[in-house]
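The sequence and structure come first, and the text follows.

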Amino acid sequence: MARILLGVSGGIAAYKALELVRLATRAGHAVRVVQTPASERFVGRASFAALTGAPVLLDEFEPDPARGAFPGDPPPAHDPLSHLELVANADVYVVAPASANTIGKLAHGLADNLLTSAALAATCPLLVAPAMNNHMWEHPATRANVEALRARGAAILAPGTGALASKGEHGAGRLAEPAEILAAIEKLVPAEGPGPLDGLTVLVTAGGTREPIDSVRYIGNRSSGRMGFALAGVAARLGAQVTVVAANVADLPRDPRVTYVDVQTAGELLDAARARFAASDVLLMAAAVVDFRPADARTDTKLKKQDGQDDMTLALARTPDILATLGAERRDGQTLVGFAAEHGDGALAYGRAKLRAKGVDAIVVNDIARTDIGFDSAANEVTIVTAAGETPVPRAPKPEVARAILDVVVGLRAQAVMRP
Ligand code: CTP
């Protein structure tokens, strides 16, 4: 857990700073935000205050109701100078988005607002994530300012290339993705000692397979990949080396610490997972694998309907049961976790049966009769079934559910070591 001081300067990309705060707080970090007055034109302080659970400051002269303390810490008895106390308590100062103007001021040591004064007062590592129009980013003045900051030891998270805020504009200048910024922050923050998954290799499958009918149609399912991606991110944070075999997950941010292998069908998922399974210590099989595929897929053409045709019969063939296949090939020292999406009553009994049938150490049961959790949702509520019993995990954001699942994995591995 780190105390992250986030400085938000003015620019369209300020909205991405909200997502950064969400990701950081969910990962267990305490976040305080200072904003430049210009940034309030893009995102108001109420949004940051709601997400951090702490007051947001804009002015060096405004009193800090939290007296410089981070969420979770007790405030001091005296009333300190807000910018001095806040930066003194921070483990890292992140300026994201950093506008060209703010970068210029930071490079030259100006202190004309709270964000820049805090930067001068900060003794912790400084991370600058620029965002601006491509011409401003490429201007020699900005280049020189960035180099000056870098030369003084600031970490610069280079902006990405792509569509920019103004219509039709394209080039370098997009703020790095929030997940990337968080990974850069976590690199700068002093490690808290060994993580519970240090030295372990974790293989995660995520998303849902698609089995082609013809060149444009497929049989698929509603799995978004969120649960698998959350497991991967949390496992990486806990020290593991993580690979995700991702089935059709196009829209989720990717964690720079994680290796991704993209696949589409159950057959491809089996090949990709099998190639990495023997070297893995933990398998988290969160992907929703389609059980039946069209037996005679015509991927070279688009099937045409005939005049007067009212129905169509599709012959289906079983796909491989990947978890059962890998379960049969498992070696000592591996921990296997399966997932079961079940409807309402009897969900737990199915979970228990699958634990035995698939030869795994835990099954995470998820009741898909509920509409407020699971598919496409950012939250989940599960019961983790192991040979020893059941662990209910109340409704929570998927990264928190992921943490609970990984805690069970750590517990199972500790028991396995203690067994004679
Ligand atoms: N699984 C798999 N290969 C398949 C089907 C499922 O590896 N062909 C894995 C899933 O990734 C998940 C677990 O097995 O971890 C789910 O088991 P299962 O109940 O067989 O999947 P469903 O098809 O959802 O369930 P049902 O048997 O009820 O149809």
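Helix α4 passes helix α7 in a left-handed crossing, meaning that the near helix is turned anticlockwise from the far one by less than a right angle. The model is predicted: local features need pLDDT of at least 70 and side-chain atom pairs count only at pLDDT 80 or more, while totals for chains, interfaces and linings use all residues. Residues are numbered from 1 along each chain as its sequence is written, and side-chain values use heavy atoms, with hydrogens and water left out.

Helices (H or I, at least four residues) and strands (E, at least two) are DSSP runs, numbered from the N terminus. Two packed helices are described by the angle between their axes and the distance between the axes. Axes are lines fitted to C-alpha atoms, for helices over the stretch in contact, and angles run from 0 to 180 degrees between N-to-C directions.

| α4 (residues 100–108) and α7 (residues 140–151) | roughly 45 degrees | within 9 Å |

Contact means heavy atoms within 4.5 Å. A100, I103, G104, L106, A107 and H108 of α4 meet T142, N145, V146, A148 and L149 of α7. Seven of the residues in this contact are nonpolar, four are polar and none is charged. Ala, Val, Leu, Ile, Met, Phe, Trp, Tyr, Cys and Pro count as nonpolar, Asp, Glu, Lys and Arg as charged, and the others, Gly among them, as polar.

The sheet is open, with five parallel-paired strands in the order β2-β1-β3-β4-β5. Its edge strands, β2 (30–35) and β5 (155–156), each pair on one side only. Two strands pair if DSSP finds at least two bridges between them. Six bridges join β1 to β2, and two join β4 to β5.

Buried means under 20% relative accessible area, exposed over 50%, partly exposed in between (1.4 Å probe, protein chains only). A30, R32 and V34 lie on one side of β2, and V31, V33 and Q35 on the other.
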